[in-house]
Amino acid sequence: MKTYVKRIRDLREDNDKTQQEIADILGTSQTMYARYERGANEMPVHHLISLCKYYGVSSDYLLGIEQIKK
């Protein structure tokens, strides 16, 4: 499994958010966000940046380059 796929799901669940809530933040549909979490679609860079800002983590953490949230 791609690291970022696991991390975006874990971050969402750790923050008690639904897929719909995160999809709304990203300006996309719940269906598309679910596809990101399953790894069926690649997440656009602008969504990656938005999630990093929202969760307060680095892109390196989200992508699996770093193991520690910064």
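The protein exposes about 4,200 Å², of which carbon and sulfur atoms supply 49%. The model is a predicted one.

Me: What pattern does the protein follow when read along the sequence?

Reply: The pattern is α-α-α-α-α, and the protein accordingly has five helices and zero strands. Its radius of gyration is 11 Å, close to the 11 Å that the globule rule gives for 70 residues, so the protein is as compact as a globular protein of that length. Along the principal axes, the C-alpha trace spans about 30 × 20 × 20 Å, and 36% of the 70 residues count as buried.

Me: At what angle do α1 and α3 pack, and how far apart are their axes?

Reply: Two packed helices are described by the angle between their axes and by the distance between those axes. Here α1 and helix α3 (residues 30-38) pack at about 125 degrees, with their axes 7 Å apart, which makes α1 oblique to α3. The contact is made by Val5, Ile8, Arg9 and Arg12 of α1, together with Tyr33, Tyr36, Glu37 and Arg38 of α3; by class, this contact has four nonpolar, no polar and four charged residues.

Me: Which residue has a positive phi although it is not a glycine?

Reply: Most residues other than glycine have a negative phi. In this model Asp16 has a positive phi of about 50 degrees, and Asp16 is found in the loop between α1 (3-14) and α2 (19-26).

Me: Is Asp16 buried or exposed?

Reply: Asp16 has a relative accessible area of 68%, and because the cut-off for exposed is over 50%, Asp16 counts as exposed.

Methods. Residues are numbered from 1 along each chain as its sequence is written. This is a predicted model: local features need pLDDT of at least 70, side-chain atom pairs count only at pLDDT 80 or more; totals for chains, interfaces and linings use all residues. Side-chain values use heavy atoms; hydrogens and water are left out. Helices (H or I, at least four residues) and strands (E, at least two) are DSSP runs, numbered from the N terminus. Buried means under 20% relative accessible area, exposed over 50%, partly exposed in between (1.4 Å probe, protein chains only). Axes are lines fitted to C-alpha atoms, for helices over the stretch in contact, and angles run from 0 to 180 degrees between N-to-C directions. Angles under 35 degrees count as roughly parallel, over 145 as roughly antiparallel, 65 to 115 as roughly perpendicular and the rest as oblique. Contact means heavy atoms within 4.5 Å. Ala, Val, Leu, Ile, Met, Phe, Trp, Tyr, Cys and Pro count as nonpolar, Asp, Glu, Lys and Arg as charged, and the others, Gly among them, as polar. The radius of gyration is taken over C-alpha atoms; the globule rule is 2.2 Å times the number of residues to the power 0.38. Accessible areas come from the Shrake-Rupley method with a 1.4 Å probe; for residues, only the protein chains shown count as cover.
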